Amino acid sequence: MAVKSILVTGGLGFIGSHTCVTLAQAGFRLAIVDNLSNAKRSVLDRIRALAQGEIDFHEADIRDRPALDRAIGRAAVDAVIHFAGLKAVGESVEKPLLYYDNNVGGTVTLMQAMAAAGVRRMVFSSSATVYGEPIRLPITEDHPLRPQSPYGQTKLIVEQMLADEARADDRFRYAALRYFNPIGAHPSGGLGEDPNGIPNNLLPFVSQVATGLRPAVRVFGQDYDTHDGTGVRDYIHVMDLAAGHLAALRFLEAANASVTVNLGTGNGYSVLDVIRAYERASGRPIPVDMSPRRPGDVASCYAAPALAAERLGWRAQFGIDEMCRDAWAWARKNSGS
Ligand SMILES: NC(=O)c1ccc[n+]([C@@H]2O[C@H](COP(=O)([O-])OP(=O)(O)OC[C@H]3O[C@@H](n4cnc5c(N)ncnc54)[C@H](O)[C@@H]3O)[C@@H](O)[C@H]2O)c1
C-alpha cells in the first residue's frame, strides 16, 4: 500500500520534530498531535520553515479519543508514527501510574482509534531501556528484555501490545524502533533539543555549560570498567534517527511483515569523549565536576545495528563530531552567545 498521509503523535518533541522535517521533505502529508506537555508551540513554525510541506497541527492528548478520531478522520491517515510519551526514567520511578496512564493507556486509546478508522501501520518509539542491564555487548535484538524502571516497562508493554495486535489482525503491521541515545540537532541550527528545566540528558547539559548557563557538567562515576572510567553509550544523531523512521515507513509499505530493530551506530563513546568532542566543536572549554556513580547507571551500552541495516536498509551516517557540531550550532543560535 502507498503511505502518503501520516499522523505523528508527539511530533513537536525532540525526535518527532526532526522526523517531521525529513518526512515532509520526502513528500508525506503530516498531521501532528501533541499536547505540548514537553514541547513549545513555536516548534511548529520551525518545522514548517524548514520543511515547507503540508503540516496540520492538533493540540490534543492521545488519551482523548474524540480528538484522535477527528485528527485521523480529517487527514485520511495511512500510517501513524507514535512518539508521544513521557521519558524521564527517574520521574517514572516516582510517578509510575502517570507513566502507565500516559504511555500505555495513551497507546491503547491511539490503537483503538486507528483500528476504528482502519489504519493498520504504526512506527513506534521504543527504547534501548527495554534491555535493562546489558549481559552482553553489543546488544542484539534477541538480548533478554528486563527493563529496570516503569518507563522501560511501558515501552516493553507497548511492544507486546503491538505484537498481540499483529497476531490478532494479520493486516496490522508495525515497526518498533529501539533508539539508543539520540543527540544533535538539525544541521541548519533551526531545530534542536530544548528541554524544560534542568536537562536530564548529557548533551543539553553540556550545551548549557558551553553557553555559560551552567558552570560545569556533573559526570557521574569515573571508576567504571571503560577506557577512561566514565560511562559509555551509543549516541546517535537525531537526523539519522529521522532517516530511520523514513526507512521504517518504506519497509511497512513494501514488506508483508512487522519488525523490531535497534537504531544505534554500534559505536560507544564515553561521557568524557563526548565532552571533548563538544569542546572541539564549540572551541570552548567545558569544565567537569566529577561525582559518584548514580544508582541504576551501567558502565557500557551500545547497539548491534546490523538488523536495521538488513531489514530497513538503514545505517547511521554521522559520527560524534557531527552530532556535537550540530548541537552546538543550535545551542549558540538559541542562547544568543
Ligand atoms: N530522547 C531519548 O533519549 C529517547 C530514547 C529512547 C526512546 N525515546 C522515546 O522517543 C519518543 C520521543 O522522545 P523525545 O526525546 O522526542 O521526547 P520529547 O519529550 O521531546 O517528545 C515527546 C512529545 O510527546 C508529547 N506528549 C507526551 N505525552 C503526550 C500525550 N499524552 N498526548 C500528546 N502528546 C504527548 C510531548 O509534548 C512532546 O512533544 C518518546 O516516546 C521517548 O520515550 C526517546
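In the predicted model, Leu36 sits in the loop that links β2 (29–34) to α2 (42–51). The phi angle of Leu36 is positive, at about 65°, although Leu36 is not a glycine. Leu36 has a relative accessibility of 21% and therefore counts as partly exposed, since buried means under 20%.

A positive phi also occurs at Ala76, again a residue other than glycine. Here the value is near 45°. Ala76 belongs to the loop between α3 and β4 (79–82). Another loop, between β5 (121–127) and α6, holds Pro138. The peptide bond that joins Leu137 to Pro138 is cis. Its omega is about -10°.

The overall fold comes next. The protein contains 11 helices and 14 strands. Along the principal axes, its C-alpha atoms fill a box of roughly 55 × 45 × 40 Å. The radius of gyration is 19 Å. A compact globule of 337 residues would have a value near 20 Å, so the two agree. Buried residues account for 55% of the 337 residues. Of the contacts with a separation of 6 or more, 79% join residues 24 or more positions apart.

In one of them, helix α3 (residues 65–75) packs against helix α5 (residues 96–117). The angle is about 45°, and the axes lie 10 Å apart. The two helices are therefore oblique to each other. Their crossing is right-handed. On the α3 side, the contact is made by Arg65, Leu68, Asp69 and Ile72. On the α5 side, it is made by Thr109, Leu110, Gln112, Ala113, Met114, Ala116 and Ala117. By class, this contact has 7 nonpolar, 2 polar and 2 charged residues.

Helix α5 also meets helix α6 (residues 150–168). The axes of α5 and α6 come within 9 Å and cross at roughly 20°. Angles under 35 degrees count as roughly parallel, so α5 is roughly parallel to α6. The crossing of α5 and α6 is right-handed. From α5, the contact draws on Pro96, Tyr99, Tyr100, Asn103, Val104, Thr107, Val108 and Met111. From α6 come Pro150, Tyr151, Gln153, Thr154, Ile157, Val158, Met161, Leu162 and Glu165. The residues in the contact of α5 with α6 divide into 12 nonpolar, 4 polar and 1 charged.

A further pair is formed by helix α7 (residues 202–210) and helix α9 (residues 271–282). Their axes come within 11 Å, and the crossing angle is roughly 40°. This angle makes α7 oblique to α9. The crossing of α7 and α9 is right-handed. Leu202, Leu203, Val206, Ser207 and Ala210 of α7 take part in the contact. Their partners in α9 are Val271, Val274, Ile275 and Tyr278. The contact of α7 with α9 has 8 nonpolar residues, 1 polar residue and no charged residue.

Two individual residues complete the account. Glu159 is part of helix α6. The relative accessible area of Glu159 is 8%, so this residue is buried. Leaving aside residues up to four places away in sequence, Glu159 touches Phe124, Ser126, Val130, Ala176, Arg178 and Thr260.

Asn334 lies in helix α11 (residues 320–335). With a relative accessibility of 39%, Asn334 counts as partly exposed. Residues up to four places away in sequence are again left aside; Asn334 then touches Arg46 and Gly189. Asn334 and Ala26 are 308 residues apart in sequence. In space, their C-alpha atoms are 27 Å apart.

Key
Residues numbered from 1 in each chain as written. Predicted model: local features only at pLDDT ≥ 70, side-chain atom pairs only at ≥ 80, totals over all residues. Heavy atoms only, no water. Axes fitted to C-alpha atoms, helices over the stretch in contact; angles between N-to-C directions. Helix = DSSP H or I, 4+ residues; strand = E, 2+ residues; numbered from the N terminus. Parallel < 35°, antiparallel > 145°, perpendicular 65-115°, else oblique. Left-handed = near helix turned anticlockwise from the far one by under 90°. Contact = heavy atoms within 4.5 Å. Nonpolar A, V, L, I, M, F, W, Y, C, P; charged D, E, K, R; others polar. Rg over C-alpha atoms; globule rule 2.2 N^0.38 Å. Buried < 20%, exposed > 50% of the residue type's maximum accessible area, 1.4 Å probe, protein only.
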